[in-house]
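This report describes the fold of one protein chain. Look at the model first, then read the sections in order.

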Amino acid sequence: MSDDHTHVQEFFTARAADWDARFPDDGPVYATAVAELGLRAGDRVLDAGCGTGRALPPLRTAVGPSGVVLGADLTPAMLEAAVRAGRDRDGQLLLADVARLPLCTESLDAVFAAGLIAHLPTPAENLRELARVVRPGGILALFHPIGRAALAARHGRQITPDDLRAEANLGPLLAGSGWRMTSYVDEDTRFLVLAERVG
């Protein structure tokens with residue numbers, strides 16, 4: 001986990017140009033994860049830490065032309081890659097820090113966050129900020145296109161008990177940040193946690 005936004009920006013800036021080429025087969029698992037959000041036509045949804053915007057097309061399909069799709073990311077190079085891929089046609093892109101979103105309180109129905117949780121400098125505070133912009137009863141999806149064990153193996157590591165994404169750690173973290181975990185899936189082919197905004 002990084003406590004330095006500059007480090008996060010440097011990490012993703014160096015990888016933005018070929019990010020999609022590194023993970024060419026993720027599209028279907030993104031679409032499946034978005035489908036599990038249960039979005040309806042006209043809903044308002046944020047892709048927090050949207051990167052190159054891979055979730056924006058399925059989010060747009062889910063909410064239809066009357067819905068609102070926003071993609072927020074801290075790294076300009078990632079947003080530029082999203083524009084080059086044409087994904088800005090599916091949602092409005094915002095250069096923004098998820099710690100201080102330029103959005104009104106309770107203005108969204110859902111937040112989709114792919115690969116974000118490991119890069120949050122202060123997870124409890126940052127999850128509270130995501131809760132702030134979602135209406136009570138709205139949904140948060142924490143997603144990764146591969147599971148915790150597969151991701152750790154990719155980086156030459158083992159999963160440890162203090163892994164933030166472990167169910168025993170994530171449940172209380174969400175509960176203390178305005179969310180109630182409703183579903184937890186950690187398989188080789190995906191990681192998906194759904195939570196409902198309480199209050």
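## A residue in the core

Leu-140 touches Val-111, Leu-127, Leu-130, Leu-174, Trp-179, Val-193, Leu-194 and Ala-195, leaving aside residues up to four places away in sequence. Touching, or contact, means heavy atoms within 4.5 Å.

The model is predicted: local features need pLDDT of at least 70, side-chain atom pairs count only at pLDDT 80 or more, and totals for chains, interfaces and linings use all residues. Residues are numbered from 1 along each chain as its sequence is written, and side-chain values use heavy atoms, with hydrogens and water left out.

## The nonpolar cores

A nonpolar core is a set of buried Ala, Val, Leu, Ile, Met, Phe, Trp, Tyr and Cys residues joined through side-chain atoms within 4.5 Å. Buried means under 20% relative accessible area, with a 1.4 Å probe and protein chains only. The largest nonpolar core has 31 residues, and those that touch the most other members are Leu-46, Leu-130, Leu-140, Leu-170, Leu-174 and Trp-179. At least two residues of this core come from each of strands S1 (44-48), S2 (68-73), S4 (108-114), S5 (134-144), S6 (179-187) and S7 (190-197), and from each of helices H6 (123-132) and H8 (167-175).

Another core, of 19 residues, lies apart from the largest one; among its members are Tyr-30, Leu-37, Val-45 and Leu-194.

Which residues of helix H4 (residues 56-63) are buried? They are Leu-56, Pro-58, Leu-59, Arg-60 and Val-63. Their cover includes helix H3 (27-36), S1, S2, strand S3 (92-95) and S4. After H4 comes Gly-64, with a positive phi near 70°.

In helix H5 (residues 76-84), the buried residues are Ala-77, Met-78, Leu-79, Ala-81 and Ala-82. Gly-86 follows H5, and its phi is positive, near 80°. An α-helix has 3.6 residues a turn, so residues three or four places apart point the same way.

## The whole chain

The protein chain has 8 helices and 7 strands. These are DSSP runs numbered from the N terminus: helices are H or I of at least four residues, and strands are E of at least two. Buried residues make up 51% of the 199 residues. Among contacts between residues at least 6 apart in sequence, 68% join residues at least 24 apart.

Along its principal axes, the C-alpha trace spans about 45 × 40 × 30 Å.

Methods: Buried < 20%, exposed > 50% of the residue type's maximum accessible area, 1.4 Å probe, protein only.
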